2 protein chains.
Amino acid sequence: MERADVEDDAEFETNAAEVSLRLCGSDIDSEEFIHAADRAEHLEDLPLSKQVCVLTHLSTEEAAEALAELDEEMAGDVLESMDADDAARLIAEMDPDDAVDILEEVDEDHRDILLSNLPVEDAEQLRNLLTFDPDTAAGVMNTDIITVPLDATVDDAIQLIRSELEEKEMPYYVYVVDEHEILEGVLSLRNLMLARPGTPLAEMVNRQDVIAVQYDTDKEEVARQLAHYNFICLPVVDREEHLMGVVTHDDVLDIIQEEASSDMLGMVGAGQDETVDTPWTKSVHIRLPWLVINMCTSSLSAFIVSLFEGSIAEMALLAVLMPMVANQAGNTGQQALAVMIRQLATESFDAKRSWGAVVRESKIGLGTGLVMALIAYIGVLLLSGNGFLAFVMGVSLLLDMFLGAIAGGAIPLVLRALGRDPAQASSIFLTALTDSGGFFIFLGLATVFLF
Amino acid sequence: MERADVEDDAEFETNAAEVSLRLCGSDIDSEEFIHAADRAEHLEDLPLSKQVCVLTHLSTEEAAEALAELDEEMAGDVLESMDADDAARLIAEMDPDDAVDILEEVDEDHRDILLSNLPVEDAEQLRNLLTFDPDTAAGVMNTDIITVPLDATVDDAIQLIRSELEEKEMPYYVYVVDEHEILEGVLSLRNLMLARPGTPLAEMVNRQDVIAVQYDTDKEEVARQLAHYNFICLPVVDREEHLMGVVTHDDVLDIIQEEASSDMLGMVGAGQDETVDTPWTKSVHIRLPWLVINMCTSSLSAFIVSLFEGSIAEMALLAVLMPMVANQAGNTGQQALAVMIRQLATESFDAKRSWGAVVRESKIGLGTGLVMALIAYIGVLLLSGNGFLAFVMGVSLLLDMFLGAIAGGAIPLVLRALGRDPAQASSIFLTALTDSGGFFIFLGLATVFLF
């Protein structure tokens, strides 16, 4: 819808875009109208020098919009390569939250230069935002909001919205604050238009139980709250309930996508923000340490196997069946792991509910384990004709699947309790447990029962 | 923000809620004000009979809001257990897209009874929506939108918005259609308020390149588009560009969360919509078939090991090292898999880019494989003193990690090309490949070089 907001300038922009692309020697088709998000996608395919050239030849508004849609690291490089004056102009035009995201990627010295080129007030605001942890509500909030005093009337508020229309992108909410800037209520343009003219705002926000988040709330928790309430934006306050800014729905979409990616990638020890565009050498660097850790944990399971070398030498069939036990328990554990990690991502979880979930997984592990143990027992009995071996296989499978289910359910909770990301390397730890456990149980039982 | 919309009725609702909770013998604390999302969360903890009782004692508006926030399957059960007249009243009050989601969970016969209790027009609309695939744009769209004819003026449009304020939840956009209901443009209230009074809408939407999705577009693609453009809503059209409805940002949040969950759960063969609240017996049913498939694929790797029983009997150390090769390659493949699945979830991907990503993963597999092979070579050499064995270990590790990386990158693409979900059981297929491949390469090379 935002696209529609700039419709009046469409003709001018088209020409500017065409000219700028031609000037920079780019062969990208210039369309009648290009949305900033699409333009950013085109820009991402160009080398840095051409990106800078194209942005320099666009109108400030257009360039700022495109820059805000660009990958943040890339946008940081662009700002560093640009004339400092031009760069400062773009920063001043952007929403403060987008500007801060990019400035965080800019080298500190260069950042100071850029900030000193900004109007004092803008620079102050950005410097302030830069002090917040980027993973908290304050780190992703937008400070460009409309506040009205508690003693204003509905008509004042509507008037204020009208006067801010040109400036603000989505001016459909006003935040009502008292004389100490403490948030007293949130009113939508709809609330205001439906109210009797002349109604004091104090009357409208009376008894409103404002839903807001603390400035240091983890951004993923902010996303969960906004999604829970289906809000378009969520106000951010400090400990004394002073209004600091708002987190908007589009930022929340990004946070949710990022969290889903970082969980899935983190589980197996890939980089939490890796994409298919990450240089492969960088990916090698990110993933190697986890592969080394994986080798250490799998050395442990190898050590356990080595304790039973004698049994294996006597009956090589054990080496045939042993990986099946570990594999099956690993898969069982992965299922539990996936359910727990997604649940932690979409819901705030108390201790009671957490351990209830582990109990649930252990029951599933027992249930599936019993069925698979029976299948394995029959299979091994038919193929080997060895009843003892079949029994050992079945029992080991049941026990290791039970272990895998409990571990898969518990590992994310343990990681969280240790203050770590519940997903990070969880799959590696799980496999270490189900492999070692499976080998030990199977080879141990085999040694006891078969020799 | 929607909460604010009902603020005027807060007192009444509070009392109604308190009374209804007491009447139904529930001990849930009634708060001063309860948001529908929170009320739904409370309701989910009650048994069905109490859920029905509480909803019956709330105002129709309140009950409809809470029902819309409830888990869909649960809401379906509630409707089935309710008096048909009461149920129909709630359905009529809900947004059509929410009502359809729940009606899809209701038994077909009962659904017909409920629909026949509705006003003819509402029933017609819902019956129509029910014909669409719930996984497409049409399946998630809301039809409750404001359309204006192309020959209206800005003032007409603003007037229309004003008159719809009471009815509509977020009446900040109008959709401009021509005499054949073909979508010509989208205008925000902001556009309208900024325009010169009397401006014909035809002039404002002239040359607007409307961004809309086809009614049969996959809902995950709709989510990607809305996230890409940072829109609040995205219009849905048919092949002739007739406006059918809009998909809103809150539905997109749900779609993105669902996709992330179904990918992570699907990979390992858990149910794509399993949560910690799924009854454990149901989870056993969902997961067992995949565990059986996993057992079949791991039988294949066991069969490969069995081919080398002779070698293992002669040198049991092979059984010690063999799982390390498979485990390491499995982890490498999981890393590639995670990157690919997330990329497919967040971006529309063409064939060229897809295979480029597989090439990238193969390079990473080679890079990490070389390092790990060197570590393994040195480790085995130091521990066993057997240069040949160390060599076999290193080479197998390199080859199997390379295989794992390519498989991890390619499996989601192959699944997609086959018209399947790119994540479904991908982890199971991957492990089958890296296990079989690792055992075959390691034991094969060992047999050739060591005996």
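Predicted model: local features only at pLDDT ≥ 70, side-chain atom pairs only at ≥ 80, totals over all residues.

Biologist: OK. What radius of gyration does chain A have, against a compact globule of 451 residues?

Modeller: Chain A has 29 Å. A compact globule of that length would come out near 22 Å.

Biologist: And what box do the C-alpha atoms of chain A fill?

Modeller: Roughly 90 × 60 × 40 Å, along the principal axes.

Biologist: Which domains does the assignment give for chain A?

Modeller: Domain 1 is 2-131, domain 2 is 147-255 and domain 3 is 280-450. The C-alpha centres of domain 2 and domain 3 of chain A are 50 Å apart.

Biologist: How many helices and strands in chain A?

Modeller: 22 helices and six strands. As for burial, 52% of the 451 residues of chain A count as buried.

Biologist: What share of the contacts in chain A with a separation of 6 or more comes from residues 24 or more positions apart?

Modeller: Those pairs account for 70% of them.

Biologist: Switching to the dimer side. How many residues of chain A are in contact with chain B?

Modeller: 102 residues of chain A touch 102 residues of chain B. On the chain A side, helix H19 (residues 317-346) gives the most, with 19 residues.

Biologist: How does that side of chain A divide into nonpolar, polar and charged?

Modeller: 55 nonpolar, 29 polar and 18 charged.

Biologist: Now sheets. What is the strand order of the three-stranded sheet in chain A?

Modeller: E1-E2-E3, an open sheet with mixed pairing. The edge strands are E1 (147-149) and E3 (183-188) of chain A, each pairing on one side only. Neighbouring strands are turned by 30° against each other on average, direction ignored.

Biologist: Mixed how? Which sense does each pair take?

Modeller: E1(A) and strand E2 (residues 173-177) of chain A pair parallel, over three bridges. E2(A) and E3(A) pair antiparallel, over five bridges.

Biologist: Remind me what holds strands of a sheet together in general?

Modeller: Backbone hydrogen bonds, in either the parallel or the antiparallel arrangement.

Biologist: Back to chain A. Which residues stand opposite A:Pro149 and A:Val176?

Modeller: A:Pro149 stands opposite A:Val177 in E2(A). A:Val176 faces A:Gly185 in E3(A).

Biologist: Is E3(A) mostly covered or mostly open?

Modeller: Mostly covered: five of its six residues are buried.

Biologist: What does the sheet in chain B look like?

Modeller: Three strands form an open sheet in the order E1-E2-E3 (chain B), and the pairing is mixed.

Biologist: Why is one side of E1 and of E3 in chain B without a neighbour in the sheet?

Modeller: Because strand E1 (147-149) and strand E3 (183-188) of chain B are at the edges, each with a single partner strand.

Biologist: Which residue pairs line up in that sheet?

Modeller: On the parallel side, E1(B) joins strand E2 (residues 173-177) of chain B through three bridges. There B:Thr147 stands opposite B:Tyr175, and B:Pro149 has B:Val177 as its bridge partner. On the antiparallel side, E2(B) and E3(B) share five bridges. One of the pairs is B:Val174 opposite B:Leu187.

Biologist: How many residues of E2(B) are buried?

Modeller: Four of its five.

Biologist: Last one. Where is A:Ile211, and why does A:Ile211 count as buried?

Modeller: A:Ile211 is in the loop between helix H14 (201-205) and strand E4 (213-214) of chain A. A:Ile211 counts as buried because it has 20 C-beta neighbours inside 10 Å, and the cut-off is 20 or more. Its C-alpha is separated by 9.4 Å from that of A:Tyr229, 18 residues apart along the chain.

Note on methods:
Residues numbered from 1 in each chain as written. Chains lettered and ligands numbered in written order. Domains from an automatic or database assignment. Helix = DSSP H or I, 4+ residues; strand = E, 2+ residues; numbered from the N terminus. Rg over C-alpha atoms; globule rule 2.2 N^0.38 Å. Buried ≥ 20, exposed ≤ 12 C-beta atoms within 10 Å, placed from the backbone. Contact = placed C-beta atoms within 7 Å. Nonpolar A, V, L, I, M, F, W, Y, C, P; charged D, E, K, R; others polar. Pairing = 2+ DSSP bridges. Axes fitted to C-alpha atoms, helices over the stretch in contact; angles between N-to-C directions.
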